[in-house]
Amino acid sequence: MPKNDLTFLLGGEAGQGIESSATGFAKAIAHAGLHIFDLRDYRSRIRGGHNFAQIRVSAEPLTSHRETVHVLLAMTEEAVRRHYPQVPAGGAILYDEALPVEDAIWEAVQARGVQRFPVPLRKIAEEIGGAVVMMNTAATAAAAGVTRFPFSYIEEIIRVNFGKRGEAMVSANLKVADAAYRYALEHYAGSFDHTIEPIPGAPPRMLLNGNEAFAFGAVAGGCRFAAGYPMTPGSPVLEWLAGHANQYGLVVKHTEDEIAAICMAVGAGHVGARALVPTSGGGFSLMVEALGFAGMSETPVVIYNAQRPGPSTGLPTRQEQGDLLFSLWASQGEFLRVVLAPGTHEEAFEAGWRSFNLAETYQTPVIVLGDHFLATSSRTLEPEALDLSAVQVERGKLLSPAELDALEGEYYRYAITEDGVSPRAVPGHPKAVYVGEGNEHDYQGRIAEEIEDRVALNAKRLRKLETARQSMRPPKRYGPAEAPVMLVGWGSTVMPALEALRILNAERPTAQYLHITDVWPFPAEAVAQALGEARVTIAVENNALGQMARLIRQETGIRLEHFISKYDGRPFSPEYIVRGVREVLHA
């Protein structure tokens with residue numbers, strides 16, 4: 001009997017409580033010591049439209065969802081129709097007994113060998129709880145009953161989730177959950193093979209998504225100011241920071257638009273605060289002129305761009321990695337923009353604090369490229385996975401008040417230096433009075449149009465490109481080094497790719513994965529060396545053009561031979577990557 005290795009899918013319409021029910025259910029299982037990977041798929045509307053949450057459970061750490069679903073909790077007919085093909089023989093569809101479903105669909109379900117588990121969810125919610133909205137509580141409790149998952153964990157989460165709404169609400173939900181749990185246990189658990197059993201002694205774990213990991217890392221790295229205009233999927237970072245503003249001493253501003261947001265952040269960075277702007281592609285597009293101002297004035301600022309499909313409004317709640325090349329050259333003129341692309345929750349946390357170090361060390365904008373899949377998917381992590389001991393605050397050539405007190409001679413904000421980085425003083429010290437300019441200027445900050453000044457200051461700023469390259473980390477390699485196939489990707493593609501490697505390498509070393517996190521300045525030498533050791537190279541990207549593959553060719557001269565692409569607004573699954581690799585090998 002399979003134990004602790006299955007996937008639930010809770011599907012229904014926006015407004016039916018899919019989000020909150022799935023979150024509570026995932027937390028209950030995580031509290032029992034099991035690992036979770038929680039994928040969310042939702043439309044950009046408040047009510048209506050098909051939404052679902054896919055919760056994968058395992059006794060082992062997880063880095064991705066899988067396509068197969070073992071228990072489908074269907075709150076609508078559409079959920080049955082859309083997802084029954086994902087349920088294998090022996091799996092189950094759990095639904096309200098009164099749910100109208102076409103006979104043809106049930107015939108197809110039966111032909112697949114999938115079991116039907118009707119439960120009086122609505123009746124239980126109305127007659128025992130007194131409100132139909134408790135159907136979600138009934139559904140998740142029934143799913144626990146089918147898999148023999150101890151009810152005590154469901155009870156614990158109900159008490160936590162509804163505790164603030166009063167004992168009457170807690171009591172009603174507990175009664176509903178108990179009735180649905182017992183019904184499913186008595187009627188269906190005996191015919192369902194999969195079970196969930198708690199793991200005694202398992203350490204407590206966090207369940208968090210990439211946005212939360214990045215925001216936590218930013219605070220750990222000394223972020224003190226954030227401004228933004230809400231834009232999915234980046235704005236939850238702003239919400240997280242606002243929710244913790246008092247706890248961590250943050251100033252968080254909801255601005256009238258994205259232009260105001262980045263201008264506020266540049267102002268905060270100018271006076272010495274570590275400043276952040278979370279957004280998504282369309283919002284980032286509006287910010288690019290101010291990005292150039294930060295480049296010209298050499299002001300540190302961090303922009304977190306959680307990518308979604310474009311152009312324009314695109315698909316607001318979907319996945320794509322389409323902003324890579326845009327990020328490298330956004331805004332007019334030539335100047336250094338550091339670009340990082342974390343792919344896992346651990347890397348998102350690290351990018352949260354490291355981005356501020358790079359911004360201040362090189363006195364320039366740093367763009368952190370997240371994406372929807374990383375931003376919204378949750379994983380269980382051991383507390384030490386977010387390595388607080390590694391957090392360092394490096395402020396570069398920022399002059400302290402004592403250093404300024406001891407300064408002899410004049411202070412020049414844009415002094416010409418060999419590495420391109422000038423000593424930096426924040427406003428307020430009498431020995432460091434200077435002009436900050438969006439125009440071209442001389443080494444003192446005065447507007448200048450003379451040829452000598454333009455060449456000297458532009459060359460100084462561009463020298464930071466090579467200086468910053470020394471801080472760029474080489475790509476990470478996963479999988480057996482002797483594997484002949486090298487997959488190449490960036491961002492969250494690494495998570496399903498790691499699962500794909502396990503499938504591909506189960507019998508013999510077949511594939512390895514090259515994961516590029518530090519995108520610009522590009523670590524060309526390290527990437528070229530790794531690619532030179534591969535026999536077959538395949539780019540794997542959530543875009544149509546192969547943007548990383550193009551960048552690799554530009555910077556190394558190496559052309560990746562094959563391309564596995566996905567730009568339908570959904571993330572890669574491990575199975576999708578495996579199918580792509582096998583097609584390449586058998587072509």
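**Aromatic contacts, sheet and cores of a predicted model**

The charged end of Lys566 sits over the ring of Tyr576, 5.2 Å from its centre; a charge counts as over a ring if NZ of Lys or CZ of Arg is within 6 Å of the ring centre and within 35 degrees of the ring normal. This is a predicted model, in which local features need pLDDT of at least 70 and side-chain atom pairs count only at pLDDT 80 or more, while totals for chains, interfaces and linings use all residues. Residues are numbered from 1 along each chain as its sequence is written, and side-chain values use heavy atoms, with hydrogens and water left out.

**Aromatic rings**

- Arg116 lies over the face of Trp106, at 4.0 Å from the ring centre.
- The structure holds 17 aromatic pairs (rings of Phe, Tyr and Trp, the last by its six-membered ring, with centres within 6.5 Å; planes under 30 degrees apart are stacked, over 60 edge-to-face, the rest tilted).
- Trp240 and Tyr248 form a stacked pair, 6.4 Å centre to centre with 15° between the planes.
- Trp240 is buried at a relative accessible area of 17%, whereas Tyr248 is partly exposed at 29% (buried is under 20%, exposed over 50%, partly exposed in between, with a 1.4 Å probe and protein chains only).
- One aromatic cluster is formed by Phe117, Tyr183, Tyr188 and Phe192.

**Sheet and helix**

- Seven strands form an open sheet of mixed pairing, in the order β9-β8-β10-β11-β13-β12-β18 (strands are DSSP runs of E, at least two residues, and helices of H or I, at least four, numbered from the N terminus; two strands pair if DSSP finds at least two bridges between them).
- β9 (251–254) and β18 (518–520) each have a single partner strand, so one side of each lacks a neighbour in the sheet.
- Strands β8 (residues 223–228) and β10 (residues 274–279) run parallel and are joined by three bridges; Cys223 stands opposite Arg274 in β10.
- Helix α11 (residues 258–270) lies across β8, β9, β10 and β11 (301–307), at about 165° to β10 (axes are lines fitted to C-alpha atoms, for helices over the stretch in contact, with angles from 0 to 180 degrees between N-to-C directions; contact means heavy atoms within 4.5 Å).

**Nonpolar cores**

- The largest nonpolar core has 63 residues; Leu241, Leu276, Tyr304, Leu487, Ile538 and Ile577 have the most contacts inside it (a core is a set of buried Ala, Val, Leu, Ile, Met, Phe, Trp, Tyr and Cys residues joined through side-chain atoms within 4.5 Å).
- Helix α15 (residues 345–362) supplies the largest share of this core, eight residues.
- Apart from this core lies another, of 54 residues, including Ala26 and Leu94.
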